[in-house]
2 protein chains.
Amino acid sequence: MIQPLIWENDTLKLIDQRKLPLEETYVEVTNLEECFDSIRVMVVRGAPLIGFTALWGMVLDIINNPTYSIEQIQKSAEYLKEARPTAVNLAYEVDRAVAIAKEDLGSYEKNLRKFAQEQMDLLHENNLTMAKIAQADLEKRFGDKKLRLMTLCNTGALACGPMGTALGVISHLASQDKIEMVYASETRPYLQGGRLTAYELIKENIPHKITVEGAFSYILENKLVDAIFIGADRIVSNGDTANKIGSSSLAIVAKYYGVPFYVVAPTSSFDMASKTGDEIEIELRPEDEILNALSARIAPHGSGALNPSFDVTRAKNIAGIVCEKGLIADPITTESLTKIVES
Amino acid sequence: MIQPLIWENDTLKLIDQRKLPLEETYVEVTNLEECFDSIRVMVVRGAPLIGFTALWGMVLDIINNPTYSIEQIQKSAEYLKEARPTAVNLAYEVDRAVAIAKEDLGSYEKNLRKFAQEQMDLLHENNLTMAKIAQADLEKRFGDKKLRLMTLCNTGALACGPMGTALGVISHLASQDKIEMVYASETRPYLQGGRLTAYELIKENIPHKITVEGAFSYILENKLVDAIFIGADRIVSNGDTANKIGSSSLAIVAKYYGVPFYVVAPTSSFDMASKTGDEIEIELRPEDEILNALSARIAPHGSGALNPSFDVTRAKNIAGIVCEKGLIADPITTESLTKIVES
């Protein structure tokens, strides 16, 4: 398993995801400013991993400044949030650090170290639970045979830290030699699939092929895939799921061919206040991501691009939603989803 | 309109499609060897355009060697075929040249010049006919409103010479100010949409945005597109259509949202000997096209790729097939298709 974040001898080591997959280097972080930079320039990406990075940054800050007051800790927290102002996990985790300081300033460093490690352990535990729930459902459908699975974007250790969500299911199955082939959809424009998921699959020796999003129908019609696993950025109460652009098209094509399409996400990604996917606002990202492939210009000067970052996969096209509390399926409704989330 | 092939003062000028869209240069071809090279290294692409290039190459050959015998002309023809051995149009056109020589060697040069020009005029006429048939059907559906259309790959003048097929429909409508927006799907891995279709749209001042294949569902669910037009590499007798990878996924998603999906192709692309799309063999192209974007490596070393070049769009997901003899629709069956093709 890749370790995108290593805490060792009071130093934070982060794999530089900007250089993956062709260069594998670690950045060493020893203070708050370096932590801020690592988040801002995207040495780390993926909501959970950004949150953990920030927590260890707060630990470094108190190690370097053992006499800090609550106000100084608060100032550090606010500073760190500015590294990626829209990252919800980042704000959530540093606010927790401040709360721990307020509870007992004398034991802050000790308690924060413990909390940071526990958060990572909890995510690992939850993701492992999800992988086991997914495996049980796959065994019901396919028995003991080795599986051919497909995924989109990157939902692995590189996004989560200790273990992935959708890619975590695949890693878990591979550790038991239950994977025949993984199709990693490259995920234009940013190529998280072709670069990062492929990198994780290489590191774990899992047989795989990269494909383009245009090949969805070809792959499923030719029965190359038993089931599809994706992550989620947000799941609303009726099961509609926002995820990386391409997910909804893949779910529609999967439904058409009768291939089960699973979403794997912890209950922290559930937004029970929204009723349907229509309430999810989709981020339109810079056109340049499409007009260029990595740094090479591909489109004519003068052409524009439409670059939605996410799309909404309707619950009716999802075979099952896996969270750490169980499987929501047959059918996915506001009732069945609420029952599991509140259990 | 772009002129990818210009015959002027007994010289053939070919726009160098390898350098598009960022550089617009013409290659001058004055003899058979230069013609061979232009086809082989893909200065020109697109089946009809390759055929026309070869015809003018045969004209250059007889201008340069006015005393050639039938055998020498035949030798030139066989040589030219080797530039792209699998290009059906290339072989078809140079064989026609040989037949013209055999008919009347004394008038060969004059007759071949006439034939080459006639072939280009005929394609232009047929493609214009198809555009008008498509326009009539669009007017039935949408009345007089300006349209928002989507296309995949490149099916324009750059592929065909004088006028395109699916992109020809769009050019034709744009010439009457009937286009509000064109969504050009970039068409990974080779990016014919993002590079070549976008280039043609820029040259013709047609408003457009480039999108990724992953955005099919987002675009159609958000009602950004009235209708979709693609070309075809092969249409079999029940209407199943082989076209660039991505076409079948797009057709399934279009059907799901109720957006009409048209195929535009001359009867010369119809393969009445094959019953269904299951008989179409799909070319698997080099993995490197996916593992690299243009010349930049994007995937980890060690990763493989699955790179089908085409897919099969089932007739049931096609709203209409437009050929120069008419529209096949409501429903597309072997009977309705045969009736039009044989008319």
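Which two strands form a hairpin, and which residue in the turn has a positive phi? In this predicted model, E1(A) and E2(A) form the hairpin with two residues between them, and Asn9(A) in the turn has a positive phi of about 50°. Local features need pLDDT of at least 70, side-chain atom pairs count only at pLDDT 80 or more, and totals for chains, interfaces and linings use all residues. Residues are numbered from 1 along each chain as its sequence is written, chains are lettered from A in the order in which they are written, and side-chain values use heavy atoms, with hydrogens and water left out.

**Hairpin of chain A**

- Strand E1 (residues 5-8) of chain A pairs with strand E2 (residues 11-15) of chain A in the antiparallel sense over four bridges; strands pair if DSSP finds at least two bridges between them.
- Helices (H or I, at least four residues) and strands (E, at least two) are DSSP runs, numbered from the N terminus.
- Trp7(A) has Leu12(A) as its bridge partner in E2(A).

**Interface of chain A and chain B**

- The contact (heavy atoms within 4.5 Å) takes 57 residues from chain A and 57 residues from chain B.
- About 4300 Å² is buried between chain A and chain B, 68% of it on carbon and sulfur atoms; buried area is the accessible area (1.4 Å probe) that two parts lose on being put together, summed over both.
- Of the area that chain A buries against chain B, 15% is supplied by Tyr218(A), Ile298(A) and Leu306(A), more than by any other three residues.
- Four salt bridges are found across the interface, with a side-chain nitrogen of Lys or Arg within 4 Å of a carboxyl oxygen of Asp or Glu as the criterion.
- Arg188(A) forms a salt bridge with Glu186(B), in which the closest N and O atoms are 2.6 Å apart.
- H10(A) gives six residues, the largest share of the side of chain A that touches chain B.
- E14(A) pairs with strand E6 (residues 208-211) of chain B in the parallel sense over two bridges, and Lys209(B) in E6(B) is the bridge partner of Gly304(A).

**Aromatic pairs**

- Over all chains there are eight aromatic pairs, meaning rings of Phe, Tyr and Trp (its six-membered ring) with centres within 6.5 Å; planes under 30 degrees apart count as stacked, over 60 as edge-to-face and the rest as tilted.
- Phe36(A) and Tyr79(A) form a stacked pair, 4.5 Å centre to centre with 15° between the planes.
- This pair links distant parts of the chain, 43 residues apart: Phe36(A) lies in helix H1 (residues 32-40) of chain A and Tyr79(A) in helix H3 (residues 70-81) of chain A.
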